[in-house]
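Here is a friendly walk through the structure shown below. Have it open as you read, and follow the residues as they come up.

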There are 4 protein chains.
Amino acid sequence: MTVPKTALKVGLIGTGYMGKCHALAYRNVKAIFGDVPDLGLEMLCELPLDKAASFADQFGFSRHTDDWKALVNDPAIDIVSITTPNKFHKEMALDAIKAGKHVWCEKPLALTLEDAIEMTETAEKSGVKTQVGYNYLKNPIIQEAKRLIEEGAIGRLLHFRGVVDEDYQADPNLPWTWRATKADAGLGTLGDLGCHLISVAYELVGPIESLIADMQTVYPTRPMPDGNGVGNVENEDIASALLRFENGITGTFSSSRSAWGRKNHLIWEIHGDKGMLSFTQERFNELKLYQNEGPACGQGFKTILAGPTHAPYQNFCPAAGHGLGFNELKVIELAGFLQAIAGDEAAQPDFKAALEFEKVIHAIARASDNGNREVINP
Amino acid sequence: MTVPKTALKVGLIGTGYMGKCHALAYRNVKAIFGDVPDLGLEMLCELPLDKAASFADQFGFSRHTDDWKALVNDPAIDIVSITTPNKFHKEMALDAIKAGKHVWCEKPLALTLEDAIEMTETAEKSGVKTQVGYNYLKNPIIQEAKRLIEEGAIGRLLHFRGVVDEDYQADPNLPWTWRATKADAGLGTLGDLGCHLISVAYELVGPIESLIADMQTVYPTRPMPDGNGVGNVENEDIASALLRFENGITGTFSSSRSAWGRKNHLIWEIHGDKGMLSFTQERFNELKLYQNEGPACGQGFKTILAGPTHAPYQNFCPAAGHGLGFNELKVIELAGFLQAIAGDEAAQPDFKAALEFEKVIHAIARASDNGNREVINP
Amino acid sequence: MTVPKTALKVGLIGTGYMGKCHALAYRNVKAIFGDVPDLGLEMLCELPLDKAASFADQFGFSRHTDDWKALVNDPAIDIVSITTPNKFHKEMALDAIKAGKHVWCEKPLALTLEDAIEMTETAEKSGVKTQVGYNYLKNPIIQEAKRLIEEGAIGRLLHFRGVVDEDYQADPNLPWTWRATKADAGLGTLGDLGCHLISVAYELVGPIESLIADMQTVYPTRPMPDGNGVGNVENEDIASALLRFENGITGTFSSSRSAWGRKNHLIWEIHGDKGMLSFTQERFNELKLYQNEGPACGQGFKTILAGPTHAPYQNFCPAAGHGLGFNELKVIELAGFLQAIAGDEAAQPDFKAALEFEKVIHAIARASDNGNREVINP
Amino acid sequence: MTVPKTALKVGLIGTGYMGKCHALAYRNVKAIFGDVPDLGLEMLCELPLDKAASFADQFGFSRHTDDWKALVNDPAIDIVSITTPNKFHKEMALDAIKAGKHVWCEKPLALTLEDAIEMTETAEKSGVKTQVGYNYLKNPIIQEAKRLIEEGAIGRLLHFRGVVDEDYQADPNLPWTWRATKADAGLGTLGDLGCHLISVAYELVGPIESLIADMQTVYPTRPMPDGNGVGNVENEDIASALLRFENGITGTFSSSRSAWGRKNHLIWEIHGDKGMLSFTQERFNELKLYQNEGPACGQGFKTILAGPTHAPYQNFCPAAGHGLGFNELKVIELAGFLQAIAGDEAAQPDFKAALEFEKVIHAIARASDNGNREVINP
C-alpha cells in the first residue's frame with residue numbers, strides 16, 4: 001500500500017465509540033504503515049467544552065472546541081472526521097465539503113435517502129475526497145475472500161447469503177430512546193447494521209438490481225425512561241429481503257437488532273459452482289473455504305487464519321493467527337483514505353459508493369411497506 | 001414412550017437409501033424400546049425379483065415380490081412402508097389405504113399439491129394410521145428445543161431463521177436425470193430438502209400464514225448422460241422465502257441443492273425476547289442456547305450435548321455425548337408410529353400434518369412464479 | 001469387507017450398556033453389510049431369570065438363562081459376547097474358550113495385567129477367534145485417518161497428543177461404589193477410558209516403548225451410600241503420561257473421569273513433518289486435516305465430514321454428513337469379527353493385540369507409583 | 001485502572017516484531033486509558049543508524065541512535081523497552097537498571113537460568129520497576145477466568161492442562177539459523193512458547209512445585225543456508241511435562257514449535273469440582289465455561305465473548321464481541337506498568353515473578369535430560 005508523504009491536519013468531531021476509534025487510527029496509521037504522511041492532530045470538537053478539552057488531551061489533539069462549525073471552517077484543517085450521531089452527518093459533511101475539507105464520515109451517510117443523495121452530489125461536485133466508515137471491508141481476510149473469488153477459487157458465483165444481528169435492542173425492558181424515532185434515527189436495524197452487510201455484498205458479489213422484503217417491529221412500544229407509560233417505536237427491529245444482483249445471482253439478507261446473544265454476528269456465505277466461502281465477523285480473523293478439488297474423501301471446509309500473507313496484516317504483526325482487533329480495521333481504512341487523498345483514485349467506499357449501499361437499505365424499507373419488488377436504480 | 005403390544009406384520013416397498021433405513025428401524029425398534037409389539041417382517045417389494053429376494057434375505061423379511069400391488073393387498077400385512085421414488089407414492093399409498101393398511105410414507109407425499117391433498121383426504125376418511133418420514137423432528141435434541149420453548153426458556157418468540165442446503169446438485173458437470181423434470185420429480189430443492197426445514201418450523205414455531213419468495217435454477221441445462229447435447233432443468237436449484245407465521249412472527253427460509261460443501265446443512269435459529277436457540281443438523285447431537293440470565297459478563301451460547309436426560313436418547317445409550325446416528329432417528333419415528341397405531345392419537349406427522357408442510361413448499365414455488373404474497377390456507 | 005456365509009449361533013452375557021449395544025449389532029450386521037452369515041440369536045444370560053426372559057424377548061434371543069456357565073457350555077452356541085462388569089471377564093472368557101467358543105469380550109480384558117496375560121495365553125493356544133471391544137477404532141473416519149497417514153498425507157510422524165475425559169466421577173457428592181475399589185474395579189480412569197485412547201495410539205502411530213507417568217485421586221474418599229461416613233477411593237481419578245513410541249516419536253497421554261462437561265472427550269492429534277490430523281470423539285463424524293501444501297495464504301485445517309467415500313460408511317447411508325451413531329460403530333466391529341471367524345486372520349484387536357493396550361495402562365499406574373520410566377515389553 | 005499523571009520519557013531498543021508492538025503501546029496507552037501520564041517518545045535504538053532514523057520517524061520518537069548504551073544511559077529517559085533478540089536482554093537490562101531506568105523487557109529474561117537470576121537479583125536491589133512481556137496474561141477474558149476461579153465458579157481446582165504450539169519450525173526444509181544453538185538461543189520451544197503457557201498456569205492456578213518431563217529434537221539437523229551440508233539443532237522442538245502445583249493439584253504441559261497448522265495455539269483447561277474453564281489463544285476473545293448447575297438436560301459449555309463487562313475491554317470498545325487484537329494486549333500491559341511505576345506495587349509480572357516462570361522451563365529441560373523429578377524451588 002503506497003500512501004502519500006504530505007503532512008495533513010486533522011479535525012475530529014465526536015469522541016464516542018467511533019470518535020475514539022478514529023482518534024486511535026490517526027495516532028497509529030503512520031507507525032503501522034510507515035509510508036504515510038505525518039498527520040497533525042489539530043482540533044477536536046465535543047460538547048461541552050471541558051469534555052472537549054479532556055478528550056483533546058487524552059487523544060493528543062492540539063486544540064479543542066465545542067463549535068463544530070469552527071472546526072470545519074478552520075483553515076489549518078485538511079481532513080474532517082464526522083463521528084457524531086447520524087442525524088448530524090449531513091449538515092456537518094456539507095459544510096466541511098464547502099470549506100474544502102476531505103471528509104471521513106461514519107455510516108450511514110444520513111437518515112434519509114434524499115439527504116444521502118444530496119451529500120453525494122455535493123461531494124461529487126467538489127474536489128475533496130470522501131470516505132464512509134464501512135470498516136469491515138478493510139479486514140484482510142475479506143480482501144483475501146475477494147481475491148479468491150476473483151482468481152476463480154469458487155468458480156462462477158451462484159448465490160449469496162448474509163445475516164447481521166446484534167442484541168443491543170433485544171431486551172424488552174430497555175427504555176425508549178431517540179433511537180426509536182424516524183426523525184432522529186431514521187431506519188432501525190437497517191441503518192445501524194444492515195448497511196454493513198450490504199457493503200460486504202457489494203464488495204464481494206457486486207451491485208444489487210432489485211429486491212422484495214419484509215420487516216417487523218417486534219417491540220412496538222418501549223417503557224419511557226421516566227417510568228410514565230410507553231413510547232412508540234417507529235423503526236424496524238428486524239428486516240429481511242430477497243436480493244437479485246445485477247450479475248444475475250440471487251441472495252438473502254437478514255438483520256435484527258433484537259437477537260439475543262449476537263454481539264457482532266455479521267455472517268455471510270457465497271456459493272460458487274466450484275466451491276464456497278463463508279465468514280463470521282465474531283471470528284473475523286478466520287475465513288472458511290470449500291473447494292471441489294481432489295477426491296471426495298478429502299474434501300472439507302478449510303479454516304484459514306489471517307496472517308502476514310494476507311496484506312496488510314503483516315504491517316500489524318508478522319505472525320499468523322495472532323489476530324487483529326476491531327480498532328485495527330479502522331487503521332487500514334484510514335490508510336486507504338490517505339492514499340486516496342494523495343492520489344487520483346476515490347477512497348473505497350466514498351460517498352458515491354456508500355450511497356449505493358444506502359439505496360438498498362431504503363429500498364428494503366420501501367419494499368416491506370408496499371409489498372412490491374423495488375428496483376435499486378430504476 | 002408407551003407403545004402397543006399387539007403383533008404387527010410389515011410390508012416394505014423399496015430398498016434404497018430410505019428402504020434400508022426403514023428396514024433397520026423395523027429390526028431395531030423393539031430391541032431399543034422394549035415396550036413395543038413384536039413386528040413380523042413379512043414381505044419386501046423390489047424390482048427385479050432376484051434383487052427383491054436378495055434384499056429380503058439381507059433385511060430378514062419372510063417373503064418377497066416384484067409386484068407392489070400384491071404387497072399392499074396381502075391380507076397378512078398390517079403396515080406398509082413406501083420408500084420408492086416420490087412419483088410412485090400416491091398410487092401406492094391410495095391402494096394401501098384402500099386395503100386397510102397403516103401407511104408409513106417417505107416425504108414428500110407427492111409431486112403436486114393436488115395429489116398430496118387427495119392422499120390426505122383419502123387417509124382422513126379411512127380408519128388407518130399414517131405417518132410421513134420427517135425424521136429430523138424425532139431428534140431428542142429437537143424435542144428438547146421444543147420443551148425449552150414451551151417452558152419459556154427463550155421467552156416470547158420473535159423470529160425464525162432456517163436454511164437447508166446440500167451439494168448433491170452442485171457440480172455443473174453432473175449429467176441430466178429425471179430429477180430435473182417436473183413430471184418425474186416435481187419440485188427441486190423444495191421437495192427434497194425444503195420440506196424438512198418447514199417441518200421443523202411447524203414443530204417449533206407453528207403454522208405459516210403467508211410468504212413471499214424468489215427462486216432460481218442456477219444450472220438451467222445439464223449435459224445428457226449419453227454425451228449428446230444438454231437437457232433442460234425444469235425445477236429450482238435454490239429457493240428463498242420470507243415467512244409470516246400465524247402467531248405473528250416473521251421468519252426466513254433458504255434452500256439450495258447446489259451448495260458446495262454442505263452435506264446436511266439444515267440449520268435454524270429461533271429468537272425470543274429472553275434468549276435464542278440454534279441448531280445445525282451436521283452436528284445434530286448438539287443444541288445451542290443463549291439466555292439473558294445473570295450478569296452480562298457471564299452470558300454466552302451454551303452447547304448442550306444430547307444425553308439420557310433428553311428422552312428417548314436413554315433407550316439408545318445411557319451415556320451423554322456418545323451420539324445418535326441418522327438411522328437411529330428413524331427408529332424413534334417408528335416407535336411413535338407404532339404408538340399411534342395402538343392408540344387413539346395420530347402419528348406426528350401424519351398425512352394431514354405433512355400436507356401443511358407441503359402446502360408451504362408449493363406456495364413458495366407459486367409466490368416465486370407470480371411475485372405475489374401467497375397465503376397458505378386462504 | 002468380505003464376511004463369511006456360515007450360520008453362527010450367538011450367546012450374549014449381560015444386558016446393560018454394552019450388552020444392549022452387542023444385541024443391536026447382532027440384529028443389524030447382516031441388514032447393514034449383506035454379505036455376512038445368518039446369525040442365530042440363541043441364548044441370553046442375565047440375572048435374575050425373569051430379567052433374562054424379558055431381555056431375551058426384547059432383544060430377540062430364542063433362549064435365556066441366569067447361568068452363564070450353561071451358556072458358554074451350550075453346544076449350540078458358536079460365539080459368546082461378554083459384556084458383564086470387568087471383574088467377571090476372565091472366568092467367563094476362559095470357560096468360553098475352553099468350550100471352543102469364539103469370544104467377543106468388552107474392554108478391558110481384566111482387572112490385572114496378570115489376568116489379561118492369562119486370558120491371552122489361553123486364547124492363543126486355542127483355535128478360537130477373539131475380539132475385544134475397542135469400538136472407536138472402527139469409526140470410518142479413524143480408518144480414513146489411518147489411510148491418510150499411510151499414504152503420507154502428513155509426512156513422517158513427529159508427535160502424538162491424546163486426551164480422554166468424561167465426567168461420570170466429577171461430582172464430589174456421588175456416593176462410594178465398588179468402582180472405587182481395586183478388588184472389584186481394578187484401575188480407575190485408566191481402565192474405563194484410558195485404554196481406549198491407547199488403542200487409538202496403537203492403531204494410528206504404533207506400539208509404545210516406554211513412559212513416565214503421574215496420577216492422582218482427586219476425591220480420596222466418597223460419602224457412603226447409606227449416609228454413614230465415607231469410603232476410600234483406591235484407584236485414580238486422573239492419570240497422565242509422557243510416551244515414547246517404538247518408532248522413535250514421543251507423545252502425551254491424559255485421562256480423567258472427573259472432568260466436568262466432558263461426555264466423550266477422546267481427542268487426539270498427530271503431528272507430521274508435512275501436516276497434522278486432529279479429532280474429537282464428541283464430533284466423531286469429523287476429521288481435521290492440515291497440510292503444508294500450496295501457498296501459505298490458502299492453508300488451514302480442513303474439516304472432513306464422514307461420508308460414503310469412507311468405507312464402510314456407505315453401508316449405513318449413501319449421503320455424507322448424515323452421521324453415524326455410537327451404536328453403529330459396534331456393528332462395524334462385529335462385521336470384522338465375523339470376517340475373522342470365517343477367515344485366517346485375527347480380529348482387530350483380538351486378545352493378543354488388546355493385551356498390548358492394557359500393558360500400557362498398567363505401566364502408567366506402575367510408573368506413577370514408583371517414579372521410574374516403565375518399559376512396556378522389557 | 002488508576003494510572004499515574006507524571007510525564008515519563010521512553011527509550012525503545014529494537015524495532016522488530018516486539019519493538020513495533022511496544023511502540024504502538026506507547027502511542028496508544030493514553031488515548032485508550034485516559035488516566036495515564038503523558039509519555040515522551042524520546043529515543044529509539046536500532047542498527048544501522050539510518051534504519052534507526054527511519055523507524056524513529058515512523059514510530060514518532062524524537063531522537064534515534066545505534067548505540068544502546070547511549071540510550072540506557074541517557075539522563076532524559078525514564079523507561080527502557082528491551083525488545084532485541086533474547087541473548088542481549090541481560091546486558092541491556094543490567095545496564096539500564098544500573099542507570100536507574102524502569103525496564104520493560106520482552107520474555108524470556110535470559111538464555112540461562114543463571115542469567116535470569118542475576119537480572120532479578122539486580123532488579124530487586126535497585127529501586128526501579130521492571131516488567132516482563134507476558135502479554136497474554138493481560139487479556140480481559142483471562143482476567144475474567146481468574147475472577148471466575150476466585151469467586152468459585154468452578155469450585156475447588158482439580159487439574160490443569162496446557163498446550164502451546166506453533167509451526168514456525170515445522171518445515172523440515174527451513175535452513176539452519178542461530179535459533180538452533182544453545183549459545184545464541186538457549187532453549188528451543190520452551191523459551192519461545194513454553195514460558196507463555198507457564199505464565200498462564202501461574203496466573204490461574206499458582207506456583208509449580210515439581211515436575212517430570214520429556215523432550216525431543218525432531219529435526220536434529222537442518223540444511224545450511226548456503227546449501228553446503230547441514231547444521232546441528234541443539235535445542236528442543238517439542239517438550240512435555242507432568243506438573244505438580246504447590247496447592248496439590250496436578251497438570252500437564254506440552255509445547256511444540258514444529259506443529260503444522262498451529263499459529264498461536266496456546267490452549268488450556270482448568271478442571272474444578274463444580275465446573276471447567278477452557279480457552280484457546282487463536283480465539284482469544286472467547287472463554288468457555290461449564291458449570292454443574294441446574295438440571296443435567298440443560299448443562300453445556302458456555303462460550304463467553306469478551307465485552308465491556310470484562311475490564312478493561314471497555315476502554316477499547318463499548319460493544320461486546322467486536323474483538324481485541326494481539327497488539328492491544330500490549331497496551332493493557334503497558335498501562336499496568338505505568339501504574340506500577342506511579343505506585344508502590346510491583347508490575348505483574350516483574351523480573352521476580354517472571355523468574356519463577358523461567359525456573360519452570362529450565363526445570364523441564366533438566367528433568368528431560370536427567371530423567372528425574374525436578375523441584376522448582378528446592
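This is a predicted model: local features need pLDDT of at least 70, side-chain atom pairs count only at pLDDT 80 or more; totals for chains, interfaces and linings use all residues.

Residues are numbered from 1 along each chain as its sequence is written, chains are lettered from A and ligands numbered from 1 in the order in which they are written, and side-chain values use heavy atoms, with hydrogens and water left out.

Chain A holds 17 strands and 11 helices; these are DSSP runs numbered from the N terminus, with helices being H or I of at least four residues and strands E of at least two. The C-alpha trace of chain A spans about 65 × 55 × 40 Å along its principal axes. Its radius of gyration is 21 Å, which agrees with the value near 21 Å that a compact globule of 378 residues would have. That radius is taken over C-alpha atoms, and the globule rule is 2.2 Å times the number of residues to the power 0.38.

Of the 378 residues in chain A, 67% are buried. Buried means under 20% relative accessible area, exposed over 50%, and partly exposed in between, using a 1.4 Å probe and protein chains only. Chain A exposes about 12400 Å², with carbon and sulfur atoms supplying 51% of it; the areas come from the Shrake-Rupley method with a 1.4 Å probe, and for residues only the protein chains shown count as cover.

Now to the nonpolar cores. Each is a set of buried Ala, Val, Leu, Ile, Met, Phe, Trp, Tyr and Cys residues joined through side-chain atoms within 4.5 Å. The largest has 237 residues, and B:Trp268, B:Phe351, C:Trp268 and C:Phe351 touch the most other members. Leaving aside neighbours within four places in sequence, C:Phe351 is in contact with residues including C:Ala93, C:Cys105, C:Leu109 and C:Met119. Another core, of 236 residues, lies apart from the largest one, and A:Val10, A:Cys21, A:Ala306 and D:Val29 are among its members.

C:His89 sits in helix α4 (residues 89–98) of chain C. Is C:His89 buried or exposed? At a relative accessible area of 0%, C:His89 is buried. Beyond four places in sequence, the residues that C:His89 touches include C:Cys105, C:Leu109 and C:Met119.

A:Leu204 belongs to helix α8 (residues 189–204) of chain A. With 5% relative accessibility, A:Leu204 counts as buried.

C:Gly16 lies between β1 (8–13) and α1 (17–33), and C:Gly16 is partly exposed, with a relative accessible area of 39%. C:Ala320 is in the loop between α9 (313–316) and α10 (326–342). Apart from residues up to four places away in sequence, C:Ala320 touches B:Lys263 from chain B, along with C:Ala306, C:Gly307, C:Pro308 and C:Tyr313.

| Residue pair | Apart in sequence | C-alpha to C-alpha |
|---|---|---|
| C:Gly16 and C:Asp184 | 168 residues | 17 Å |
| C:His89 and C:Ala311 | 222 residues | 32 Å |
| C:Ala320 and C:Gln216 | 104 residues | 42 Å |
| A:Leu204 and A:Leu111 | 93 residues | 26 Å |

Finally, some cis peptide bonds. One joins A:Gln348 and A:Pro349, with omega about -10°, and A:Pro349 is in the loop between α10 (326–342) and α11 (351–370) of chain A. In chain D, the bond from D:Gln348 to D:Pro349 is cis, with omega near -5°; D:Pro349 lies in the loop between α10 (326–342) and α11 (351–370) of that chain.

Terms used. Contact means heavy atoms within 4.5 Å.
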